[in-house]
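Thank you all for coming; I would like to take a few minutes to walk through one structure with you. Please have the sequence and the model open while I talk.

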Amino acid sequence: MKTFAMHRILPAALLAISSVAFSLPAASQAVDEEAAKALFKRNDCGKCHHPTRDKKGPSLQKVAKELNKKPAEAMNRIIKNATTGPKVKLLDDGKEEEHKIIDTKDEKQIRNLGQWILKH
Ligand code: HEC
């Protein structure tokens, strides 16, 4: 019977389609590490964010771990954080200040930096 075959084929077809959809973004978004590091350095982000150790801000590993729990929101949170200067609490002395605003409005560059951060 035709319907019987559909039951078997449809799920497999859907799975194939969704796996392609999920693999595409990753493939088309290779991170330019050098550009990310340069932007990070130029903005003194490293003053507060060390790759593995907490400083005034959480380590990049910690930031990535936290943000990667919600992949759908991660990039937007990074962009918002780096462009709107929300109040943050410094980890060392508990003082509150506005988060550093990045010196570029080029969303492509900020996204590249965001991807680099999320890879930690
Ligand atoms: C003066 C210290 C300081 C500097 C400089 C700084 N940050 Fe932060 N950053 C913080 C603190 C503190 C937090 C923690 C916010 C919290 O968890 O409440 C934070 C959080 C973050 C987060 C996590 C945001 C989230 O929603 O979880 C990202 C991403 C980030 N910073 C990126 C950057 C980038 C990129 C730069 C450079 C443009 C930078 N930071 C410069 C102190 C700093």
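This is a predicted model: local features need pLDDT of at least 70, side-chain atom pairs count only at pLDDT 80 or more; totals for chains, interfaces and linings use all residues.

At what angle do helix α2 and helix α5 pack, and how far apart are their axes? Residues are numbered from 1 along each chain as its sequence is written.

Now to the answer: α2, residues 33–42, and α5, residues 107–118, pack at an angle of about 100°, and their axes are 9 Å apart. Axes here are lines fitted to C-alpha atoms, for helices over the stretch in contact, and angles run from 0 to 180 degrees between N-to-C directions. The two helices are therefore roughly perpendicular to each other, a label given to angles of 65 to 115 degrees, whereas under 35 counts as roughly parallel, over 145 as roughly antiparallel and the rest as oblique. On the α2 side the contact is made by Glu33, Ala35, Ala36, Leu39 and Phe40, and on the α5 side by Gln109, Asn112, Leu113 and Trp116; two residues are in contact if their C-beta atoms, placed from the backbone, lie within 7 Å. By class, these residues divide into six nonpolar, two polar and one charged, where Ala, Val, Leu, Ile, Met, Phe, Trp, Tyr, Cys and Pro count as nonpolar, Asp, Glu, Lys and Arg as charged, and the others, Gly among them, as polar.

Leu113 touches Ala36, Leu39 and Phe40, if we leave out residues up to four places away in sequence. Leu113 and Ala38 are 75 residues apart in sequence, and their C-alpha atoms are 9.3 Å apart in space. Ala38 itself is found in helix α2, and with 13 C-beta neighbours inside 10 Å it counts as partly exposed. For that scale, a residue is buried if 20 or more other C-beta atoms lie within 10 Å of its own, exposed if 12 or fewer, and partly exposed in between, with C-beta atoms placed from the backbone.

Stepping back, the protein has five helices and two strands, in the order α-α-α-α-β-β-α along the sequence. Helices (H or I, at least four residues) and strands (E, at least two) are DSSP runs, numbered from the N terminus. Buried residues make up 11% of the 120 residues.

Which residues make up the largest nonpolar core? There are ten in all, among them Ala36, Leu39, Leu113 and Trp116; such a core is a set of buried Ala, Val, Leu, Ile, Met, Phe, Trp, Tyr and Cys residues joined through C-beta atoms within 7 Å. The elements giving two or more residues to this core are α2, α3, α4 and α5, and α5 gives the most, with three.

Let me turn to the ligand. Of the 25 residues around the ligand, Asn43, Cys45, Cys48, Gly57 and Val88 come nearest, and a residue is near a molecule if its C-beta atom, placed from the backbone, lies within 6 Å of it. Helix α4 gives the most to this shell, with four residues, and by class the shell has 13 nonpolar, five polar and seven charged residues.

Finally, a backbone detail: Asp44 sits in the loop between α2 and α3, and its phi is positive, at about 60°, although it is not a glycine. Most residues other than glycine have a negative phi. Asp44 is exposed, with 11 other C-beta atoms within 10 Å.
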